[in-house]
Amino acid sequence: MRSTVELQSMTSQVRRDIVRMVHAVNSGHPGGSLGCADYLTALFFRYMKHQASPFDIQGKGQDVFFLSNGHISPVFYSVLARSGYFPVSELASFRKINTRLQGHPTTHEGLEGVRIASGSLGQGLSVATGTALQKKLDKDSSTVWVLTGDGELQEGQIWEAVMFAAHNKVDNMIVAIDFNKQQIDGSTQDVMGLTEWTSKFEAFGWAVLEMDGNDWSSMETVIPQAQALLGQGKPIAIVMKTEMGQGVDYMMGTHAWHGKAPNDEQLAKALAQLPESSDGDY
Amino acid sequence: MKHYEILGNKDTRSGFGAGLLEAGQSNENVVALCADLTGSLMMNAFQDAFPTRFFQAGIAEANMMGVAAGLALGGKVPFTGTFANFSTGRVYDQIRQSIAYSHKNVKIAASHAGLTLGEDGATHQILEDIGLMKMLPGMTVINPCDYNQTKAATKAIAEMAGPVYLRFGRPKWPVFISEDTPFIIGKALMLNEGTDVSIFATGHMVWKAIEAGHILAAKGISAEIINIHTIKPLDEEAVLASARKTGCVVSCEEHQRHGGLGDSIAQLLARTEPKPMEFVAVNDSFGESGKPEELLVKYHLDTPDIVEAALKAIARKG
């Protein structure tokens, strides 16, 4: 198992990938991607039991991950490539014509690691719940992991899925809510001020934990706690506080970098704050 | 004109229920979901036989479509069940992204389609669903004509890979397709060979087309009647061969003229060999409450409307 220091170094590399990918095509979503880099690195390099190659889209006998907030595709692609699903060099094709790394993740071009299209928000939790039920039917004891945005919880379908998962005791699924309190038009509090997620999910019958998704000691405590709650009759949510733009000082504390790319100068400034890992840039 | 004996009077949704049960018996991966309309969709037999493979979704169709996609992703063959309106318009984006674009093996079973839903009125009488579904890349669209064909279609789609929209209805309707008629997805079914006009019909309108064929025969007109149960992919070869032979075409469907079967046929003919064509379909309006037969008369989807359309098409041959 890689040490925490090694994983933190990998996370820094993932953040480099994110800003370089977005900069190269002058489009994409760096803010949420940077905020979730620690969590996805932790999942793919430590907590999930999964096999990158050969890729089995059905995910039989292994943990599967669903990115419901598909716009943070840069972090998803980087972590997939860095964990061996497809060549790291392919990150350079992000959002370019004929790429498998579409603006939002899709199965359409056969990119290894992606099991469902996402981008139109609110759908991933339902899909993940279906796969969790399939695993139960097939007596497959592995775990379904899901990441949703917090703004995404404004979608009605999320609450349909929240009710359905609790009613059906979908206790083989861990859903992290990226509680970065930002969305395109401003803070979630200003756009739709209903953000007491812990009490809401508990009221719907879920087991809920809180975590700082940019603090490795918090993740190393809470993720195993979430895993310990598996199989106890309740779906599990982690309300995961993150900072949009984490790791790049001028992108933090604002929603401005939700869907905006850095220019050349800004890229250089970002990369100066993000040490390259031993694996190196793509 | 070939005579078709009425073998019974049954609703197509019961054909779906019977087909689903048999599909479930022959394939353990078949699972079903229903959004609080289990009785209406005739899914009780499946639910009773396979309680662990049946999921009550509640009145939450968007989630049902996503859950179905997730079940399919792991190798299951999910059938979703609700009214056609809630199977399409209400959940279009979920079907588009999580099922069609993601190419998930979900079977969308849609009952109570069209005007023949009857008394519930226009909120529930969707007449746009064929158009919505056939526009989605990779979606197969099927609208069977009677109980036996619906049952056979249900079993057939369980065995094919890929998303399918299966549309059927509420009322009891004449059963005339024999039980042993094979259902071949994408293959038009010749019901009566003729020489003067080609009548392409789908769903409940197929029986009306047969009735129209008898009236036309009495007038000395030989109508070719073809059942297009699979609207997409369209059996282009069969449509073209018939249109070429008779020289004029009539389409019949319980759907809007815009976006329906007629549109698909007209587009094919326009691209290849244009022919005079008439459309028996709802002409850019919503439905309303009433008895199914009353509604078909009022909205010009009845047997005399097909006869009239055929005569008009023949006259336009020039």
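This is a predicted model: local features need pLDDT of at least 70, side-chain atom pairs count only at pLDDT 80 or more; totals for chains, interfaces and linings use all residues.
1. Start with chain B, which is split into two domains: domain 1 covers 10-175 and domain 2 covers 189-315. Taken over C-alpha atoms, the centres of domain 1 and domain 2 of chain B are 25 Å apart.

2. Next, look at where those domains meet. On the domain 1 side of chain B, 27 residues are in contact with 31 residues of domain 2 of chain B. Several elements of chain B each bring at least two residues to that side of domain 1: α6 (129-134), β6 (140-142), α7 (147-159) and β8 (172-175). By type, the domain 1 residues touching domain 2 of chain B come out as 13 nonpolar, 10 polar and four charged.

3. Then turn to the contact between the chains. Here 24 residues of chain B are in contact with 25 residues of chain A. Helices α3 (61-73) and α5 (92-101) of chain B each supply at least two residues of the side that touches chain A. Of the elements there, α3(B) gives the most, with nine residues. The residues on this side of chain B divide into 10 nonpolar, 12 polar and two charged.

4. Within chain B, pick out strand β14 (residues 277-282). Six of its six residues are buried, so β14 of chain B is largely enclosed by the rest of the structure. Its partner to look for is strand β13 (residues 249-256) of chain B: the two run parallel and are joined by five bridges. If you want a landmark for the pairing, B:Val249 stands opposite B:Met277 in β14(B).

5. You'll find A:Glu112 in the loop between α4 (73-82) and α5 (124-137) of chain A.

6. What does A:Glu112 touch, not counting residues up to four places away in sequence? The residues are A:Phe55, A:Tyr85 and A:Phe86. For a sense of scale, A:Glu112 and A:Thr129 are 17 residues apart in sequence, and their C-alpha atoms are 21 Å apart in space.

Terms used
Residues are numbered from 1 along each chain as its sequence is written. Chains are lettered from A and ligands numbered from 1 in the order in which they are written. A residue is buried if 20 or more other C-beta atoms lie within 10 Å of its own, exposed if 12 or fewer, and partly exposed in between; C-beta atoms are placed from the backbone. Helices (H or I, at least four residues) and strands (E, at least two) are DSSP runs, numbered from the N terminus. Two strands pair if DSSP finds at least two bridges between them. Domain bounds come from an automatic or database domain assignment. Two residues are in contact if their C-beta atoms, placed from the backbone, lie within 7 Å. Ala, Val, Leu, Ile, Met, Phe, Trp, Tyr, Cys and Pro count as nonpolar, Asp, Glu, Lys and Arg as charged, and the others, Gly among them, as polar.
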